[in-house]
Amino acid sequence: MSKKHPYVGMPDYQFWKNEQAITQPELFDPITNISFKIGKNDSVVTAGSCFAQHVAKYLSNSGFTFYVTEFAHPIIPTEIAAKFNYGVFTARYGNIYTARQLKQLLDRAYGFFEPVESVWRTKENYFVDPFRPQIQVGGFVSEAELLMDRQVHYAAVRKAIESMSVFVFTLGLTESWIDVRDGAIFPLAPGVAGGVFTEAHFAFKNFEVDEIVEDMQSSIDFIRARNPNVKFVITVSPVPLNATAIDRHVFVSTTYSKAVLRVAAEKVCNNNDLCDYFPSFEIITSPYARGRYYGPDCREVTESGVNHVMSVFLKQYGEFIGPDRNDATNKDVEAAQQHIENMESLMSVLCDEEQITNQ
Amino acid sequence: MKLDKNISHRPILIIGNSHTTAIAAALNDQTRSIIDVVNLASFFDPMNRRNKILHPDIADLFNPKYIFCSFGGSEHSVFGLLEAPTKFDFMTENSSQTEPDRDIVTYGLVHATLSQAMRGAMFNTQKLCTLFNCSITHICTPPPFRNISENAILPRRFQESLDLGVSPASIRKKLYETHSNIARDLCASLNIGFLDIPLGTTDGDGFLYSKFCSKDPTHANSLYGELVIKQILEIANV
């Protein structure tokens with residue numbers, strides 16, 4: 001006997017009125033099909049827009065193996081290393097807002113792309129990496145230091161690409177700034193945090209769906225050519241644009257940008273095995289949340305919003321709760337900090353011998 | 001803290017930690033009559049000599065026209081006198097040269113780490129400015145020694161820690177310069193003076209001549225202290 005209509009027998013989650021989050025928003029879990037689980041020994045790499053920082057922070061605190069490949073020297077105190085963006089993401093690439101930025105990061109790390117713009121100067125005459133302009137507090141002290149640090153960074157990126165198990169990437173923006181000479185994409189417009197904006201060299205670029213799909217596919221292929229078993233989780237940042245370069249309201253640009261990214265993410269995930277779309281955007285922006293997951297500025301996602309997103313992530317993808325596995329590095333840090341304590345004690349002894357005054 | 005001391009009316013107060021010793025040791029009858037030297041450790045804690053904090057009571061005990069301070073001054077040695085378990089080096093604005101086979105740390109990280117280590121000394125300097133309304137000048141820490149590999153000049157405790165080795169002179173000098181830059185910037189922000197090292201005390205590469213080195217690897221001796229006193233008297237015009 002045939003169905004009365006095609007919707008008969010479909011699961012509750014396909015029907016709006018059956019959603020329990022209408023009355024209990026905290027129960028909203030729009031995940032219906034995942035194609036893999038994340039195990040205790042899976043190294044999870046994160047990258048993307050600023051929302052991805054929340055993802056990284058939560059992963060590192062929740063038992064996933066948040067994979068970090070770029071460390072400060074162990075003699076540097078943890079809180080100072082954090083200020084210099086160590087451990088914010090897997091490596092010190094900073095925010096990667098667009099798919100083209102991701103593609104170009106891979107190309108640069110492997111030596112396939114050397115942008116014309118290599119070093120920017122700040123107003124204070126320090127040096128800034130155009131592709132991660134806010135990574136070094138105050139800037140680098142010299143061009144040589146910047147170039148040295150860049151090589152360390154690229155090695156860390158390569159290590160992450162070649163040994164990670166899971167890559168979580170958050171698409172953030174479609175609007176970007178491009179160097180018309182070689183197509184290099186910058187995370188911030190030249191002149192904002194270094195460099196000098198000139199219309200002859202730089203132009204506004206608003207990526208479209210097909211370009212984003214192509215860039216993401218290129219990145220996935222690039223990564224899997226070097227590490228075939230990597231699984232991907234693609235998300236879209238729920239954080240609205242801070243500013244738009246288009247002459248229209250920033251929220252209109254936001255809806256366009258997020259719509260494009262959402263469609264691109266859908267296409268990319270449909271085209272690749274073991275590549276899931278994770279609906280963090282939906283969890284934060286859905287009417288069930290009634291706007292409560294945005295802070296007072298109506299833009300920043302609140303801690304409770306991040307917790308909701310990541311608890312769903314943990315519930316759906318987590319197979320375990322376990323310690324992170326950066327044990328070797330922790331030992332280096334412990335040895336270095338012990339050395340500092342010993343030296344402080346030693347200096348105190350040396351200084352102790354120097355107590356004689358005329359008082 | 002209440003100290004059982006009479007108020008001093010000497011016009012010059014030199015106050016700080018262990019680096020004041022070289023100055024105290026260089027005082028003679030004439031300079032002793034116009035200069036007080038206070039080492040925080042023994043002044044406020046004569047029994048244990050562990051105090052590092054500038055107590056406000058100091059303002060009740062001295063009424064100087066000129067203060068020269070030397071708080072801290074060994075923080076760069078904590079990080080770089082001996083080799084760290086993972087050897088490091090760093091570049092500066094003036095030098096991109098680094099020793100081979102080391103992790104290169106960025107200057108920003110070194111600067112931030114040393115600044116953190118110097119917080120206590122900087123706090124004391126800031127506090128001094130709030131306690132006294134007179135001319136205040138910071139005395140620059142003595143420069144590093146070029147060579148401290150001779151066990152003869154090292155205290156026994158120090159020799160016991162030598163298994164990692166002494167850091168190369170170039171690294172110790174860069175750490176010292178970074179330390180001095182931080183102190184100089186603090187002085188500028190507090191609008192107080194910065195007394196640079198006496199002329200003629202270093203070789204062409206900026207290392208302290210051995211005749212000015214004390215018996216330990218971080219402090220200068222009384223001969224160096226004499227030259228600092230001479231600088232101070234010129235500034236104070238006493």
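The largest nonpolar core has 74 residues, and those touching the most other members are Leu13(B), Ile14(B), Ile23(B), Val37(B), Ile67(B), Phe68(B) and Cys69(B). A nonpolar core here is a set of buried Ala, Val, Leu, Ile, Met, Phe, Trp, Tyr and Cys residues joined through C-beta atoms within 7 Å. Buried means that 20 or more other C-beta atoms lie within 10 Å of the residue's own, exposed means 12 or fewer, and partly exposed is in between, with C-beta atoms placed from the backbone.

Please keep in mind that this is a predicted model, where local features need pLDDT of at least 70, side-chain atom pairs count only at pLDDT 80 or more, and totals for chains, interfaces and linings use all residues. Residues are numbered from 1 along each chain as its sequence is written, while chains are lettered from A and ligands numbered from 1 in the order in which they are written.

- Another core lies apart from it, with 64 residues, including Ala91(A), Leu102(A), Phe169(A) and Tyr317(A).

**Chain B as a whole**

- Chain B holds ten helices and seven strands.
- Its C-alpha atoms fill a box of roughly 55 × 35 × 35 Å along the principal axes.
- The radius of gyration of chain B is 18 Å, which agrees with the value near 18 Å for a compact globule of 238 residues; it is taken over C-alpha atoms, and the globule rule is 2.2 Å times the number of residues to the power 0.38.
- Of the 238 residues in chain B, 45% are buried.
- Among contacts in chain B between residues at least 6 apart in sequence, 74% join residues at least 24 apart; two residues are in contact if their C-beta atoms, placed from the backbone, lie within 7 Å.

**Where the chains meet**

- Chain B brings 47 residues to the contact and chain A brings 40 residues.
- On the chain B side, the elements giving two or more residues are α1 (20-24), β2 (35-39), α3 (40-44), α5 (75-80), β5 (103-105), α6 (107-117) and α8 (156-160).
- Helix α6(B) supplies the largest share of that side, six residues.
- By class, the side of chain B that touches chain A has 22 nonpolar, 18 polar and seven charged residues; Ala, Val, Leu, Ile, Met, Phe, Trp, Tyr, Cys and Pro count as nonpolar, Asp, Glu, Lys and Arg as charged, and the others, Gly among them, as polar.

**Chain A as a whole**

- Chain A has nine helices and ten strands.
- The C-alpha trace of chain A spans about 105 × 50 × 45 Å along its principal axes.
- Buried residues make up 41% of the 359 residues in chain A.

**The parallel sheet of chain A**

- Five strands of chain A form an open sheet in the order β2-β1-β5-β9-β10, with parallel pairing; two strands pair if DSSP finds at least two bridges between them.
- At the edges stand β2 (65-66) and β10 of chain A, each with a single partner strand, so one side of each has no neighbour in the sheet.
- Strands β1 (residues 43-48) and β5 (residues 166-171) of chain A run parallel and are joined by five bridges, with Val44(A) opposite Val166(A) in β5(A).
- Helix α1 (residues 50-61) of chain A lies across β1, β2 and β5 of chain A, at about 160 degrees to β1(A); axes are lines fitted to C-alpha atoms, for helices over the stretch in contact, and angles run from 0 to 180 degrees between N-to-C directions.

**The antiparallel sheet of chain A**

- A three-stranded open sheet in chain A has the order β7-β6-β8 and antiparallel pairing.
- Its edge strands are β7 (185-186) and β8 (202-206) of chain A, each pairing on one side only.
- Five bridges join β6 (residues 175-179) of chain A to β8(A), where Ala203(A) is the bridge partner of Ile178(A).
- Trp177(A) stands opposite Phe204(A) in β8(A) and opposite Phe186(A) in β7(A).
- The hairpin of β6(A) and β7(A) has five residues between the strands, and Gly183(A) there takes a positive phi near 85 degrees.

- Asn85(A) has a positive phi near 70 degrees, sits in the loop between α2 (78-83) and α3 (99-109) of chain A, and is buried because 21 other C-beta atoms lie within 10 Å.
- Leu274(A) has a positive phi near 50 degrees in the loop between α6 (250-271) and β10 (275-277) of chain A, and counts as partly exposed, with 14 C-beta neighbours inside 10 Å.

Notes: Helix = DSSP H or I, 4+ residues; strand = E, 2+ residues; numbered from the N terminus.
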